[in-house]
Amino acid sequence: MDNPVQPLEAGVFEEINTGKWGMVIDQDLCTGCQACVAACAMENNLSFVGEEDLAYGRAMHWIRIERFWNGQYPEVNTEFQPVLCQQCGHAPCEPVCPVYASVHSPSEDVNLQVYNRCVGTRYCANNCPYQARVFNWRDWQRPEPLNNQFNPDVTVRQRGVMEKCTFCIQRIHHVEDKAKSENREIQDGEMVPACAQACPADAIIFGRIDDPNSRVSKAARNNRGFKLLEDLGTLPRVSYLKGGSPHGRNS
Amino acid sequence: MSEPTTLLALFEDIDPAAEAIEKLRELGLPDDQMNVISGVPIPTRVLGRPRVKTNVPRIAMSGAILGILVGVFLIYGIPYLYPLHVGGQPLFPIPPGLIVTFEMTMLGLMGFSFIGMFLDSRFPSYEPMDYVPEISDGKIAVFFKCPSERQAEFEKAMKEMGAESVEPKEAQEL
Amino acid sequence: MAVTANAVSRPYQEEEQEDPREHLMFDPKPRGEMNGMVMESMHTTNWKFWVVTILLTVVVVTCLFGAWGYMIAKGLGVAGVNRPAYWGIFLTNVVFWIGISHAGTFISALLRVMKVEIRRPFTRAAELMTTFGLVQAGLSVFMHLGRVWRSYWLFPYPNQRTIWPDFHSPLMWDFMAINTYLLASTMYLFLPLLPDLAMARDRSTGWRKNVYRILSLGFRGTEGEWKNLHSAMNIFAFAIIPVMFSVHTIVAWDFAMATRPGWASSVFGPYFVIGALHSGIGAVLLVLFVIRSTMKHMKYFLRPEHFDFLGKLSLIISFTWAYFFFNDYLVPWYGGDKWEKLLLDFHEHGPLAWVWMTMLICNIVIPWAILWNKKWRRKPWLMGIIGFVINIGMWIERYVIIPISLTITRMPFTWRIYKPGIEIPLTIGTFALFMLLYMLASRLIPLIPVWEVQEGQEAHTLRKVGKATIPAVSEID
């Protein structure tokens with residue numbers, strides 16, 4: 001928190017930029033239950049788009065569970081890949097926004113989507129290789145009494161505005177404020193985003209990846225670890241632990 | 001000392017017009033007392049007239065320089081004043097800088113050459129001026145100021161050179 | 001081998017010489033008569049013209065403004081864009097209309113700089129296409145924005161939030177380039193129009209005369225005025241050519257800077273420029289055919305020779321387009337990038353392969369089959385059809401590049417085919433507005449630059465060289 005990450009100059013060897021907040025998702029543990037999806041929707045005031053829009057690819061899911069079938073019947077097994085915004089160190093969504101609605105936070109080293117600045121050109125969503133961004137195609141209303149569920153820490157977005165996973169930045173700020181007021185550092189495991197909190201298999205680990213002793217850093221060093229689309233050079237802050245062990249098979 | 005009258009000699013073709021202009025010079029009329037107006041551009045050397053100067057290129061150049069300055073400000077001044085970091089790209093990027101500076105330079109060059117044309121030709125001017133509608137029908141009009149006592153002499157000379165008509169013409173509203 | 005000269009039964013001249021009066025430049029009419037023809041073509045209308053105008057107005061009001069207002073109120077959900085095809089027909093239209101507008105600049109600037117005399121009668125018709133095409137492109141840009149009421153944030157202006165637009169973004173380069181191009185081509189339309197507005201002023205009465213009087217700025221045709229006009233027009237002609245190339249290259253870079261398979265191609269810059277010329281010249285052929293067949297006296301000014309020239313140009317550009325297309329095809333086909341290859345397979349063999357095929361047929365097969373024949377190139381109606389077909393092909397090309405290519409991403413879970421929604425009436429609306437603006441302009445703006453035609457006719461002479469009369473052009477400028 002006292003060590004703001006320096007922005008990159010072009011040409012500087014990038015691997016020193018590991019980021020600040022990061023996540024590890026263990027695909028071996030993930031059961032595809034979508035609790036993280038539901039929790040994220042509750043935490044971040046996501047809209048419910050209805051059947052038709054969802055079928056057309058307009059679901060407002062900041063995290064989605066990608067389900068892959070491997071093998072032929074009867075030796076089929078499923079692999080679940082939760083995909084969310086990777087908060088890239090070299091985010092392709094940032095330079096393409098004409099109005100600076102997608103910028104990099106110098107203090108938290110995450111990618112910020114500024115809702116009240118977004119004009120809705122959707123270039124950032126086109127450019128995201130993970131297709132992690134979702135767009136408010138309409139003003140979806142929440143029927144009574146579901147509108148009482150809104151999280152007061154998070155805004156409600158208008159139609160025409162792009163949004164995406166923020167690593168629950170409202171919780172990050174809450175935890176940081178609390179630690180500051182109690183005059184201490186943030187403890188490892190204190191900051192839990194909604195998806196990690198809800199996961200019944202504890203497949204999502206979140207924490208400070210610039211601290212080599214944090215739980216998330218140790219998990220990322222696991223030899224099952226990989227990053228999505230790593231060759232694109234986006235420097236994602238989310239590591240995945242490869243599944244495929246015998247325990248994951250439907251047998 | 002008598003008032004000079006403005007006479008208009010209308011010609012159909014270039015050759016008689018060129019000869020007539022030379023005749024006017026022989027009769028003692030300086031070039032700046034003649035005003036040649038035509039419906040198509042005729043190079044001044046064809047009619048034996050002195051070269052015309054134009055300020056448009058100079059004004060256009062100043063516009064181009066202004067454009068360069070605007071472009072440089074947009075790409076370098078703005079990040080200097082309000083720095084915002086995006087996607088691992090440098091704060092003062094050179095290739096986008098070239099693009100934006102090029103566009104602004106061209107806009108300045110062309111915009112100011114347009115304005116320069118207005119300024120140099122003193123457009124728009126809606127006061128009465130020397131003009132006849134036959135000019136836009138392709139005729140070549142030579143307006144010249146001669147001392148009024150020599151009016152008949154000039155009229156006869158122009159008629160001899162092949163003018164369609166020679167007559168005094170007041171400045172008129174276009 | 002000895003060559004003997006046999007006596008020819010007919011004299012040499014009869015067989016070889018064509019009548020030079022077939023060419024506009026060698027068929028001069030008195031300027032007053034040409035002025036009268038152009039003025040008459042502006043003023044002569046019949047009931048058919050007004051019926052079409054009213055129909056177009058209705059289409060524009062409902063399909064363009066009505067549907068757009070509905071979309072602004074309801075959000076982009078009524079359009080067909082989704083994940084992953086975040087850009088669809090709106091962007092296709094943007095690229096299409098900017099492409100069409102390039103032909104006007106090509107004809108009036110590049111051909112002027114190269115002193116290609118045959119351009120003289122149709123520069124203005126082409127330039128009007130540029131201006132009105134850019135209007136449609138601008139509208140389409142605004143249409144695709146999620147929050148169009150905030151679009152002024154793309155303009156760099158001092159504000160209390162101390163935040164200015166981001167010039168890292170190709171969309172900002174687009175903003176600068178398209179605005180530069182729009183302003184420059186409007187100014188470039190106006191400059192050669194000035195003497196014709198003066199002519200219209202001299203030949204009009206009533207409210208029309210007042211309009212032309214104000215617009216013609218008091219232009220008379222003095223030596224100073226011509227010199228300034230020429231100087232400005234020369235600067236424009238030279239300067240607007242690189243701007244023309246840069247504008248569509250920058251539009252291409254909107255796609256090339258993205259990390260999508262099939263988009264991050266370094267050939268996109270020149271590929272799009274040639275594509276723009278391809279669709280633009282086709283549109284000019286179509287527009288000239290319509291003008292020639294519907295407006296009075298236009299058959300004197302727009303002759304088979306002009307369609308022949310544009311047809312040849314169109315064939316050359318079609319070859320060049322095919323060259324760039326093959327470049328863009330060969331690289332992914334050869335392999336290397338799994339996603340690019342998948343995308344190519346999707347284009348060629350997927351459910352929308354018929355679209356891709358139609359594009360190739362309209363852009364390559366049909367032009368190559370027809371345009372090599374001189375007799376066919378001299379048929380205005382056939383050239384009009386070819387122009388229309390090429391434009392269909394080029395619109396489809398942009399559709400293939402934008403929504404169809406966006407279907408395939410590096411995350412297969414997100415693949416989904418784009419289905420247009422309200423974009424269809426909005427597209428029809430932009431085409432209707434283009435035609436409406438053009439038809440209204442044809443009532444107010446002389447479509448033929450008569451002073452340029454006369455200037456050309458005075459410079460063209462017939463020279464006797466030996467026994468033959470040879471057409472010659474003097475460089476009288």
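Colleague: C:Pro84 is found in the loop between α3 and α4 of chain C. What is the value of omega for the cis peptide bond from C:Arg83 to C:Pro84?

Modeller: Omega is near 5 degrees for that bond. The element names come from DSSP runs, with helices (H or I, at least four residues) and strands (E, at least two) numbered from the N terminus. The model is predicted: local features need pLDDT of at least 70, side-chain atom pairs count only at pLDDT 80 or more, and totals for chains, interfaces and linings use all residues. Residues are numbered from 1 along each chain as its sequence is written, chains are lettered from A and ligands numbered from 1 in the order in which they are written, and side-chain values use heavy atoms, with hydrogens and water left out.

Colleague: Why is the pair A:Asp53 and A:Arg138 called a salt bridge?

Modeller: The term requires a side-chain nitrogen of Lys or Arg within 4 Å of a carboxyl oxygen of Asp or Glu. The closest N and O atoms of A:Asp53 and A:Arg138 are 2.8 Å apart, so the pair qualifies. The two residues stand 85 residues apart, A:Asp53 in helix α2 (residues 51-55) and A:Arg138 in the loop between β6 (134-135) and β7 (162-163) of chain A. Over all chains the count comes to 37 salt bridges.

Colleague: How do you know how many residues of chain B and chain C are in contact?

Modeller: Contact means heavy atoms within 4.5 Å, and 61 residues of chain B are in contact with 59 residues of chain C. The area buried (the accessible area, with a 1.4 Å probe, that two parts lose on being put together, summed over both) is about 5200 Å², of which carbon and sulfur atoms give 68%. B:Pro41, B:Met110 and B:Leu174 supply 13% of what chain B buries there, more than any other three residues.

Colleague: How many residues of chain B touch chain A, and what area is buried between these chains?

Modeller: Chain B gives seven residues and chain A twelve residues. The buried area is about 890 Å², with 67% from carbon and sulfur atoms. In chain B, B:His85, B:Val86 and B:Gly87 lose the most area to chain A, together 51% of what that side buries. Salt bridges between chain B and chain A number zero.

Colleague: What makes the largest pocket a pocket, and what is its volume?

Modeller: On a 1 Å grid over the protein atoms alone, a pocket is an open set of points with protein on both sides within 12 Å along at least five of seven lines, and lining residues have an atom within 4 Å of a point. Its volume, the space filled by probe spheres set on points joined across faces, edges and corners, is about 1100 Å³. Of 37 lining residues, those closest to the centre are C:Leu286, C:Val287, C:Val290, C:Phe434 and C:Met435. The largest share of the lining, eleven residues, comes from α16(C).

Definitions and conventions: 1 Å grid on protein atoms, 1.4 Å probe; cavity = no way out; pocket = protein on both sides within 12 Å on 5 of 7 lines; lining within 4 Å.
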